[in-house]
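Trainee: I would like to go through this model feature by feature. Please give the rule for each feature, then the case.

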Amino acid sequence: SNRTSDLDLSNNQLESIESNAFDSICFNISKLNMSHNRLKHIDADTINVLCNLEMLDLNDNPLNRLDPLLVSNLGIERLILRNINLDQLSDQTFYNMTYLNYLDLSGNKLELINENLFRNKLVNLAELKLNDNQLKLINANAFKELPTLKNLDLSNNQQLGKSLAKEKFFRCKQVPFDYQLLVELKMSDCGIDAIDEETFSALINLQSLDLSKNKLNQSKMAS
């Protein structure tokens, strides 16, 4: 049969999955939900056989680390890696994920987004969620090669304000890519204490900017 199907394994007590678990049904699974389990490791071969997979949800599992080859090269459109205890990501993690449209990395322990994590990989990404991490540094070029990005959520990263001022990642001069499709930016509760007319100058089509719950005061706002 050519019919694709959804497989929902969420809210169980799975601690591991055999690497050949999906071999017999691999062509048919389009959506795989393994959220709210106890998975500590997923072998790359387990997911790599799912050649028609469009959505993968691993939310709320104590994975800590991701095999860099787990999702690379797959035609996934929606990838949910929320609340999986991630503190770092290999630069190879999102390699050749050209169909990915939605990426949720929220609720983890990421401290750094370097310039190579997304580079040359996510050419169709429209929505990126990095909220509720422990981000301290975002490289000035980190989002440079996300040409289709429309919605970016960086909220609730209390130490990010310093990086915004230092790395200047949304300013025209430092960022050759002009974020021409970005319409929504959330930076609520990011410890931002000062902005000026240049801070978001690269965001030429921005329609919604959330700077609530920050530390802005009039004396540090440029007139």
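Trainee: Where is K213 found?

Mentor: Strands (E, at least two residues) and helices (H or I, at least four) are DSSP runs, numbered from the N terminus. K213 is in the segment after β11. This is a predicted model, in which local features need pLDDT of at least 70 and side-chain atom pairs count only at pLDDT 80 or more, while totals for chains, interfaces and linings use all residues. Residues are numbered from 1 along each chain as its sequence is written, and side-chain values use heavy atoms, with hydrogens and water left out.

Trainee: Is K213 buried or exposed?

Mentor: Buried means under 20% relative accessible area, exposed over 50%, and partly exposed in between (1.4 Å probe, protein chains only). K213 has 68% relative accessibility and therefore counts as exposed. K213 also has a positive phi of about 60 degrees, although it is not a glycine.

Trainee: Which phi does D60 have?

Mentor: D60 has a positive phi of about 60 degrees and is not a glycine either. D60 lies in the loop between β3 (55-57) and β4 (78-80), and its relative accessible area of 36% makes it partly exposed.

Trainee: What does N214 touch?

Mentor: Contact means heavy atoms within 4.5 Å. Not counting residues up to four places away in sequence, N214 touches M187, S188, D189, C190, G191 and I192. N214 lies in the segment after β11 (208-210) and counts as buried at 18% relative accessibility.

Trainee: Which backbone oxygen lies 2.9 Å from a polar atom of the N214 side chain?

Mentor: That oxygen belongs to M187.

Trainee: Which side chain joins that of N131 in a polar contact?

Mentor: A polar contact is a pair of N or O atoms within 3.5 Å; within protein, one must be able to donate a hydrogen and the other to accept it, and residues adjacent in sequence count only if both atoms are side-chain atoms. The side chains of N131 and D132 are joined at 2.8 Å. N131 is in the loop between β7 (127-129) and β8 (137-138) and is buried, at 8% relative accessibility. Leaving aside neighbours within four places in sequence, its contacts include S106, D153 and N157.

Trainee: How many aromatic pairs does a search of the whole structure find?

Mentor: Rings of Phe, Tyr and Trp (its six-membered ring) pair if their centres lie within 6.5 Å; planes under 30 degrees apart count as stacked, over 60 as edge-to-face and the rest as tilted. The search finds six pairs. In one of them, F169 and F170 have ring centres 4.8 Å apart and planes at 70 degrees, so the pair is edge-to-face. F169 is buried at 0% relative accessibility, and F170 is buried at 0% too. Ring pairs link F94, F118, F143, F169, F170, Y179 and F200 into a cluster.

Trainee: Which residues have the most contacts inside the largest nonpolar core?

Mentor: In soluble globular proteins, nonpolar side chains tend to be buried together. A nonpolar core is a set of buried Ala, Val, Leu, Ile, Met, Phe, Trp, Tyr and Cys residues joined through side-chain atoms within 4.5 Å. The largest has 60 residues, and those with the most contacts inside it are F94, L103, F118, F143, L154, F170 and M187. The elements giving two or more residues to this core are β2 (29-33) and α2 (160-167). Beyond four places in sequence, F118 is in contact with residues including F94, L103 and F143.
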